[in-house]
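Hello,

Here is the structure we talked about handing over. My notes on it follow below.

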Amino acid sequence: MQALARFTLRVLGWSLEGRRPDAKRNVLLAAPHTSNWDLPFMLAAAYAFGIRPSWLGKRELFRWPFGGFMRWLGGIPIDRSRSGNFVAEAVERFTQGEPLTMVIPPSGTRSRAPYWKSGFYQIARGARVPVVCSALDYRRRVATIGPALALSGDVGRDMDAIRSFYEGVSGKYPERTTPVRLVEEDREPTGKAAAGGA
């Protein structure tokens with residue numbers, strides 16, 4: 001799969017920057033998310049880096065006849081009907097101790113929104129795993145992955161490190177890009193409150 005993914009990306013004119021993170025359990029940020037093309041390119045890039053990606057989806061997606069295929073693609077069914085269940089179930093997955101790269105598009109939408117959603121931050125803090133930034137830069141046609149970042153709990157400082165990675169990255173539709181910022185940063189002047197929301 002890794003060789004096939006690398007070959008496919010090369011044929012399509014894409015190159016890779018960075019390397020697979022050493023952390024066997026991590027939350028992988030997929031940003032910016034502005035197009036339906038992001039998913040196939042993200043999956044190809046993950047395999048090219050030697051990563052078996054997992055992602056969270058509502059349990060209805062995993063019903064017959066497509067449930068097996070969704071799981072094969074790395075899907076993890078969750079029940080989003082209960083408040084807070086998204087984060088709780090994601091954290092629970094990490095407690096099982098197996099290698100896990102959980103891919104989360106923090107904007108939560110292909111359209112421009114005022115803020116990133118902070119579910120990724122809660123999951124990483126709750127599971128005590130690092131955050132790994134990844135990006136598809138359509139302007140340069142480069143899929144890149146950064147180092148593992150251990151979150152400190154200082155939201156402003158942690159987000160500054162994440163913002164630094166995404167500076168200058170261009171999604172397929174730049175005008176749809178959601179700013180790399182959490183609403184919690186504007187609520188808390190010190191940036192030290194725990195991020196909330198999903």
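In this model, which is predicted, the charged end of Arg-52 sits over the ring of Trp-72, 5.9 Å from the ring centre. A second case is Arg-176, which lies over the face of Tyr-173 at 4.3 Å from the centre of that ring.

Trp-72 also belongs to a nonpolar surface patch of about 690 Å², together with Met-1, Leu-4, Phe-7, Val-11 and Phe-69. Helices α1 (2–11) and α3 (67–72) each give two or more residues to this patch, and α1 has the largest share, with three. Phe-7 is in α1; its relative accessibility is 46%, so Phe-7 counts as partly exposed.

Aromatic pairs come to 10 in total. One of them joins Trp-37 and Phe-41: the ring centres are 6.3 Å apart and the planes are at 40°, so the pair is tilted. Elsewhere, ring pairs link Trp-116, Phe-120, Tyr-121, Phe-165 and Tyr-166 into a cluster.

Just after α5, Arg-128 takes a positive phi of about 60°.

There are seven salt bridges in the structure. Three of them are described here.

- Arg-140 and Glu-17: the closest N and O atoms are 3.1 Å apart. Arg-140 is in the loop between β6 and β7 (142–149) and Glu-17 is in strand β1 (residues 15–17), so the bridge links parts of the chain 123 residues apart. Both ends are partly exposed, Arg-140 at 39% relative accessibility and Glu-17 at 34%.
- Asp-22 and Arg-19: the closest N and O atoms are 3.2 Å apart. Asp-22 counts as exposed at 60% relative accessibility, and Arg-19 counts as exposed at 54%.
- Glu-185 and Arg-163: the closest N and O atoms are 2.7 Å apart. This pair links helix α7 (residues 183–187), which holds Glu-185, to helix α6, which holds Arg-163, 22 residues apart. Glu-185 is buried at 9% relative accessibility, whereas Arg-163 is partly exposed at 21%. Salt bridges with shared partners join these two residues, Asp-160, Arg-181 and Asp-186 into one network.

Regards

Methods. Residues are numbered from 1 along each chain as its sequence is written. This is a predicted model: local features need pLDDT of at least 70, side-chain atom pairs count only at pLDDT 80 or more; totals for chains, interfaces and linings use all residues. Side-chain values use heavy atoms; hydrogens and water are left out. Rings of Phe, Tyr and Trp (its six-membered ring) pair if their centres lie within 6.5 Å; planes under 30 degrees apart count as stacked, over 60 as edge-to-face and the rest as tilted. A charge sits over a ring if NZ of Lys or CZ of Arg is within 6 Å of the ring centre and within 35 degrees of the ring normal. Patches are made of residues with over 30% relative accessible area and no salt bridge: like charges are joined within 9 Å, nonpolar side chains (Val, Leu, Ile, Met, Phe, Trp, Tyr) within 5 Å. Accessible areas come from the Shrake-Rupley method with a 1.4 Å probe; for residues, only the protein chains shown count as cover. A salt bridge is a side-chain nitrogen of Lys or Arg within 4 Å of a carboxyl oxygen of Asp or Glu. Helices (H or I, at least four residues) and strands (E, at least two) are DSSP runs, numbered from the N terminus. Buried means under 20% relative accessible area, exposed over 50%, partly exposed in between (1.4 Å probe, protein chains only).
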